[in-house]
Amino acid sequence: MSKTDQQSGLTLEALGWTAELENSFAALRERQWVPGRVVAEDKHHYVVFSPHGALTGRVAGRLLHSAKTPAELPKVGDWVALTPYPREEKALIHQVLPRQTVLSRKLPGRETAEQVLVANVALAFVVQSADERFNPRLLERYLLMITEGGIRPVVALNKCDLCASPDELAAQAAAAAPAAPVLMVSAKTGRGIRQLAQLIRPRETVVFIGPSGVGKSSLINRLYGEEIAATAEVRESDLKGRHTTAWRELIVLPNGGLVIDTPGMREFHLWTRAASLRDAFPEIVELETACKFTRCSHTAEKNCAVLAAVAQGRLSPERHQSFLKLKRELEYLEKAGRVRRRKDGGRPGDYLASHPAE
């Protein structure tokens with residue numbers, strides 16, 4: 001797109017719009033729809049950047065009716081097809097374009113449903129504190145969902161200036177995340193910020209994810225060079241201001257990289273296929289090829305190579321127990337999903353009762 005936001009000079013290309021996306025959008029242009037990217041979300045309001053600048057978006061009734069689950073509705077990072085209102089800074093969102101990548105979790109609470117956190121991101125920084133709050137088991141959960149969504153993971157251990165044994169902590173993180181780089185960083189002192197910034201390419205979208213209090217917004221402020229991710233109240237009527245612990249937004253860095261800041265999460269339940277567990281625990285996958293039984297549960301069987309590795313100290317008991325726990329959780333999700341599909345047939349419009357259309 002050539003038209004820019006009058007205040008920022010921002011273009012859709014700067015937000016990652018490509019020639020391939022433009023070609024795939026041709027049929028939608030015949031409906032007089034224009035493309036846009038969701039850059040902020042707060043409940044049922046969206047800020048969508050389009051060739052007409054930043055617009056406050058609402059979901060069209062047809063899209064609400066056709067959505068089988070809330071996961072099919074727009075999320076930060078999504079490319080959408082919309083119609084701007086004449087002479088207003090508002091738009092109606094008609095369609096969500098196919099997602100290239102997605103980061104999801106199970107909706108908090110008892111309901112077995114997917115919650116999409118962000119879409120179309122290339123890289124995910126999993127941020128944890130380099131102190132006693134470091135949790136390798138939580139790290140494994142994040143990495144499982146990130147890799148399942150087609151996203152490259154990087155572990156960022158923040159507040160390393162307060163860590164008495166940074167090398168030891170980095171080794172623990174590497175053991176929990178064998179396929180991801182581990183960076184020791186400090187938003188306070190600036191340590192590791194240059195290495196972190198070098199991983200963020202122009203027009204490429206990354207996301208910072210992790211529990212509350214680990215310094216995700218502080219790291220983004222360091223990357224940006226000022227308090228871009230500062231906390232302020234948000235007015236639901238017009239989305240003015242921001243509150244980094246309550247909603248998600250896409251931030252354009254000075255180097256042209258795109259960052260999505262996410263709220264801290266007290267819960268991170270899995271939402272993926274049980275087969276994805278194999279990608280997150282490659283050492284166990286390698287070990288189980290030597291098990292006597294092809295369907296070995298790695299819990300009590302004789303001649304289990306995984307149990308033997310634990311007994312010999314080649315596999316940590318914590319890593320083994322985490323694998324079993326996540327495996328049980330994923331198997332439950334798959335069973336619950338089959339029961340739910342048989343029960344309701346995935347009827348469209350199930351989400352409408354509490355989400356009226358404009």
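**Contacts, surface and an enclosed space**

In the protein, 65% of the contacts between residues at least 6 apart in sequence join residues at least 24 apart, a contact being heavy atoms within 4.5 Å. The model is a predicted one, in which local features need pLDDT of at least 70, side-chain atom pairs count only at pLDDT 80 or more, and totals for chains, interfaces and linings use all residues. Residues are numbered from 1 along each chain as its sequence is written, and side-chain values use heavy atoms, leaving out hydrogens and water.

The secondary structure comprises 11 helices and 13 strands; these are DSSP runs numbered from the N terminus, with at least four residues of H or I for helices and at least two of E for strands. Of the 358 residues, 50% are buried (under 20% relative accessible area, 1.4 Å probe, protein chains only). The protein exposes about 18100 Å², of which carbon and sulfur atoms supply 50% (Shrake-Rupley method, 1.4 Å probe).

What about the space inside? Rolling a probe the size of a water molecule over the atoms shows where empty space is left. A search of the whole structure finds 1 cavity of 30 Å³ or more, a cavity being a set of points on a 1 Å grid over the protein atoms alone where a 1.4 Å probe fits but cannot get out. The largest cavity has a volume of about 100 Å³, which is the space filled by probe spheres set on the points, joined across faces, edges and corners. Its lining (residues with an atom within 4 Å of a point) has 13 residues, and Leu143, Thr147, Ala177, Ala179 and Ala280 are the closest to the centre. Helix 4 (136-148) and helix 8 (277-280) each give two or more residues to this lining, and helix 4 gives the most, with 4 residues.

Technical notes:
On a 1 Å grid over the protein atoms alone, a cavity is a set of points where a 1.4 Å probe fits but cannot get out, and a pocket is an open set with protein on both sides within 12 Å along at least five of seven lines; lining residues have an atom within 4 Å of a point.
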